[in-house]
Amino acid sequence: MFGLIGHLTSLEHAHSVADAFGYGPYATQGLDLWCSAPPQFVEHFHVTSITGQTIEGKYIESAFLPEMLIKRRIKAAIRKILNAMAFAQKNNLNITALGGFSSIIFEEFNLKENRQVRNVSLEFDRFTTGNTHTAYIICRQVEQASAKLGIDLSQATVAVCGATGDIGSAVCRWLDKKTDTQELLLIARNKERLQRLQDELGRGKIMGLEEALPEADIIVWVASMPKGVEINAETLKKPCLIIDGGYPKNLDTKIKHPDVHILKGGIVEHSLDIDWKIMETVNMDVPSRQMFACFAEAILLEFEQWHTNFSWGRNQITVTKMEQIGEASIKHGLQPLLSW
């Protein structure tokens, strides 16, 4: 059995689903009380592959809320993720994906140093961030959606915002090695990491956000939006393809132009219906068929009996690993979302 550790998008969101998720007493409570809410199982479901194989999974609500980071409740955020991981392990889940901010918190705050959670010694090979599959799906979205729009990658400029992150660097490696993308624009806050990535690739222009976006035919957004920054659609190329790989996915509400096409990045469609409700709570267009690629990684690992932390650590994703998880993705009936 596999597990998915997730979280709600805001305190308001948490209030709206508290009763359905088994957090009734917290339905009208503020952030302080939500900081004490425990992880728990919300849903038990089955997933069937196009091969005919069926597996079981459980969704664990971590009760983490993004406001915990915004309002400096860092210890609460860390506790939420570690408690959810311990909960998954205590319930003997073979492999569990850290969805949304869960993996980011784990990496940013170096939680591998916190192996002991009360009476549970965490076995990290039971957990995966899902970033390898997410990066693979985003790359396939770039390839397939650009063709759909008539954008020739061999003549295109692709800007990667968040290029030095785990997913962003993997996307750059794939586009460099597996496509004939003409130009890569590398955008991130940390200049030293940008230089190391450029040296590794042997190509790519390091640029600031404002100067890079008007040059890009395709924008891969895998970073948080800096405060006060707005993207002016009039300054972008037409047509322009934007892959919104952030969470929550909201660029389509900020950029409105008929020739700017915004695709929800890192979302996969399954060939067969899944009888679950969790994708309804994050407003998937077709909840029974669509899911986050990071969650899908745990599903693929369970199908293949690869019970290991397939995605782990910062900037460890290789093209070979992306190809491996990509083959499993196709085998079990997953396809990148291509509708906007």
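How far apart should the ends of helix α12 (residues 293-304) be at 1.5 Å a residue? The twelve residues of α12 should span 16 Å, and the end C-alpha atoms are 16 Å apart, which agrees. The expected span is 1.5 Å times one less than the number of residues. Helices here are DSSP runs (H or I, at least four residues), strands are runs of E (at least two), and both are numbered from the N terminus.

This is a predicted model, where local features need pLDDT of at least 70, side-chain atom pairs count only at pLDDT 80 or more, and totals for chains, interfaces and linings use all residues. Residues are numbered from 1 along each chain as its sequence is written, and side-chain values use heavy atoms, with hydrogens and water left out.

Helix α12 is mostly covered, with twelve of its twelve residues buried (under 20% relative accessible area, 1.4 Å probe, protein chains only). Among them are F295, E297 and E302. After α12 comes Q305, whose phi is positive, near 60°.

Let's turn to strand β9 (residues 183-187), where four of the five residues are buried.

| Pair | Bridges | Direction |
|---|---|---|
| β8 (residues 157-161) and β9 | five | parallel |
| β9 and β10 (residues 205-206) | two | parallel |

The chain goes from β8 through helix α7 (residues 166-178) to β9 in a right-handed β-α-β crossover. That is, with the strands pointing away from the viewer, the path from the first strand over the helix to the second runs clockwise. Another right-handed β-α-β unit is made by β9, helix α8 (residues 191-201) and β10.

Key:
Buried means under 20% relative accessible area, exposed over 50%, partly exposed in between (1.4 Å probe, protein chains only). Two strands pair if DSSP finds at least two bridges between them.
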